[in-house]
Amino acid sequence: MELIRVLLSRCAAFFSRQRLDEDLDSELSAHIDFAVEENLLRGMTPQEARTHALREFGGVTQTKERFRVQRGIPILGTLAQDVRFAFRQLRRSPGFALTAIMTLALGIGANAAIFSVVNSVLLKPFGFPDSRQLVILRETVAEMANVAPTLPDNPKHYLNLRTQSKTLEDAAIFQPRGFSVAVENGHPQIVNGLVVAPSFFAVLGTQPILGRSFRPDEAAKGHDSEVILTWNAWQSYFQGDPNAVGRTLHMDGGESTVVGVLPREFSFPHLNLIPVAGQFATPPLELFKPLVLYPQEMSDNGDFNYLVIGRIRPGVTVSQAQSELQRLQQAYSIAMHLQTHLGIDVIPLTQEVTGSVSTGLWLLLAGIGAVLLIACVNLANLQLARAVAREREASIRAALGAGRMRLLQLALIESLVLALIGGTLGVLFALAGVRIFIFAAPAGLPRLNEVAVSWPVLLFAAGLSVATALVFGILPALRSMRADPQSAMQGNSTRVANTRQGNRIRSVLVGAEIACTLLLLVVTALVVSSFARVVTQQRNFDADHVTLAAVNLFNSNYGDTAPNFKAAQISFIDRTLDGLAQIPGVTSVAVTSEMPMAGESWIDGLTRPDHPLPESQRPMVNVRMISTSYRSTLEIPLLAGRDLEISDRSHAGNVLISAQTARTAWPREDPIGKHFDFGDGAGMRTVVGVIADARVNDLKKTANMVYQPYWENPRWRLYFLVRSPLSSSALANSIRAAIWKIDPQVPIPTLKSFDDQVSDSVATERFQALMLSSFGAAALLLALLGVYGVMTYSVSLRQREFGIRIALGSNRASLMLVVLRQAAVPVLGGIVAGLAGALVATRWVQSVLYETQPVDPRAITVSILLLLAVAALAAIVPARRAASIDPMRALRTE
Amino acid sequence: MGEYKSDVLQGTLDLMVLKTLESMGPLHGYGIARRIEQVSDNGLSLNQGTIYPALLRLQQRGWIKAEWGLSETKRQAKFYTLTRIGRKQMAQETENWERIAGTMARFLATSN
């Protein structure tokens, strides 16, 4: 009852503060007047009477303050006031406010953004039930270990493993496939999908939301005209028709019946048959067809052309599955009397998808973590420096009657205002940062479409930075409270002691900041120089002014069931080359059989009849079917012999090889005129020319190449190269028109400049270099602010000392030296610590570097020089200020 | 300064104020302060200002009420009066205080 009355009264008072303040003022002045009156009656002079009255009363301000605390709701009452005051304070020192807020915002925003990406790509499991039980199987062949550590799967071995294995619950064989889908009134499109064993969806644990999964009898020739659609395919081809099951889709020149539609959240990653280092942008999978295994594939020497996904039984580990399947493969090799020794490689699906990017992403995360650390250190430093500068203000406040709690509250509110503004900005930065990351990230980054801001992380980063701001805002306030206001105001003794202590803490913080920055700079320098090496080294081909147009011939005119399909293909290529050459502005046209800059592909073992080698020792070469104009269009230097010519049409088997093939297959011999074959019964080839090692597969490495004329083995996938001074976008329509004039039914899945293709192929490296550079720049900026802040405060506090030194005849240069020497201690200490850290950390980044040693003296030297320059810049401004102190003014102001 | 003392004195000061108002009738802040000084024969080194938070505290509890009025010297002043609740509470507070004082006295006597 009484409590309620008190509360009510306090609340009421809170809302009528002004009136009550006036009331109190008149009451207290009446009190003093009474006292003065009485004192006068006692015979004091008016002056004495007043002094006596005030002394008897005690502090008027203190009384008012305590009265106010008693009257209203103390926190609420002063909160608005403190917040207003905090804003005024921040406005008064915009440099400090802006630095602190931006530090907070960048620290929180960048961290949350990068971590969200890492979380989505690496840490979050796939949307399949118990997705950690899913594994990808690849075979190994001991005899081929030096050529290919792992191979895709052979269907016969898959069937054996699937029936024998006790550790696998089930498994499904599948293969990526591009389907040509006819869309109404247009040209066909290439749509990515998979051909899968009927058990595929059961292994994943996915149920179609409409219709059914594949039946076992649908994996047979003639019964495989069914298709299952993803949600997106269902939307785009059937507009989400609920009765889509049973309708047909025109694909690959035939009709396929829809039997099922997958749930919206279904997303199966793009997997490469051979694990590749980089990522290539791939459109999402949309269509699934039953996989039909042909009898000729059911051979132990048959093609290793598939992948197998398995689900291991609950409670079984990946290594248990690995050893069981390895045993089964070995037993099989013996039982079937194979010449080769089969093995298995079991990789968790998550690792398969993200393995090649995980180091890079962890590196980015570590980089941004370092930035967050530096940001926090900087914030702490700023807060400490500010507190020292305001120690005197705090003393005056205490002397004027501010209670301890009140002072603490003020410090808390100021830090809180700062933290809230910075934190809010940080959250906005994080939201924008994730969008920027998605925009800038290499399109091949797996699961990029699943990337979203991770709120727990955002809260963590925000919490950490805000806590830093608060702790380092309040700590000095607590300390200054211990100081007796009288002595703090009177002399400089306490202040100097406090300042020294504060300086030591701040110097250690600056040292830590410098160490982190150096570490980050060294790693950044390594990654950037590695990237520079990738893009600037000799390519031996010229991608400038070349447009790339991919054409697929998957339709009934060119299919292997059509009579004379080879002649039809050759004729299509001939006419297309002619048609493209007639486009105004086109100077040269060529064709090749594999996508440039997409890694090694179409690999065969080269056999020399004059020097036969066992299968495992044959040089593996990439085979390309090209036109005679290929070398000249890409401007690859001819090193020996001659180019392919039209006249070679009548001399079957003439080929070009790359210099590396020459070195590998004919070491210390002249390869021109030498013969070889691929053991495929397609006949003997003759080397007519050697061309330079053009990095057309991968900027990072050269490969053994063999270039055959296209008319000897035309392919269904064609890549036309059009050289012209005109831009690719200007040419695009004419190129499409020229191709469709010859056959309107062929899809053109890719049409872009060769330069873009090249730059897309190093998108991951560029992205890493770009991100780390921006982190490095941020760290450098923070270090600059850190050193500058500490030195500026130190100089402003030693103003009197410098004034005296100047007055005593010290010259200005030596004063600057004093300041610079003071700055040098934490900077040099930090550099030493950072170097030690860098030696350890760079070892770890080696896997993302290309032909770059982790201990690179140049990278280290450049980083140190850069850091020293920045630190010197940060110290020289306060040093100049110290040297330009006017002794008279400095001595007077104290 | 006064802060430490007021913690110890809080209850005591409140009771002194109540007793003063009971015996003197409506009185302003200065009057109460002087009266306490006189009765305690200047044995208390109390800042007069300390009286005001105490007056407010009692007001908030509803034990006293305040009204602006004119003093004998025709000066505007705020006069404090004991309320009905205040009178009742005072009896109880007095009893409490006497019990504590008695206990203290006995305690001090035995430990001598």
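I count two strands as paired if DSSP finds at least two bridges between them. Helices (H or I, at least four residues) and strands (E, at least two) are DSSP runs, numbered from the N terminus.

Ground rules. This is a predicted model: local features need pLDDT of at least 70, side-chain atom pairs count only at pLDDT 80 or more, and totals for chains, interfaces and linings use all residues. Residues are numbered from 1 along each chain as its sequence is written, chains are lettered from A and ligands numbered from 1 in the order in which they are written, and side-chain values use heavy atoms, with hydrogens and water left out.

Sheet, chain A. I found an open sheet of 4 strands in the order 12-20-11-21, with antiparallel pairing. Strand 12 (588–592) and strand 21 (750–753) are at the edges with a single partner strand each, so one side of each has no neighbour in the sheet. I looked up the pairing of strand 12 with strand 20 (residues 717–723): it is antiparallel, over 5 bridges. A:Thr592 stands opposite A:Tyr719 in strand 20.

Helices on the sheet. Helix 20 (residues 728–742) of chain A packs on the sheet and touches strand 11 (546–552), strand 20 and strand 21. Contact means heavy atoms within 4.5 Å. The direction of helix 20 makes about 30° with that of strand 11. Axes are lines fitted to C-alpha atoms, for helices over the stretch in contact; angles run from 0 to 180 degrees between N-to-C directions. Helix 21 (residues 754–761) of chain A lies across strands 11, 20 and 21, at about 90° to strand 21.

Chain B. I checked helix 3 (residues 51–61): 10 of its 11 residues are buried (under 20% relative accessible area, 1.4 Å probe, protein chains only). B:Tyr52 and B:Arg57 are among them. Just after this helix, B:Gly62 takes a positive phi of about 85°.

How values were computed:
Buried means under 20% relative accessible area, exposed over 50%, partly exposed in between (1.4 Å probe, protein chains only).
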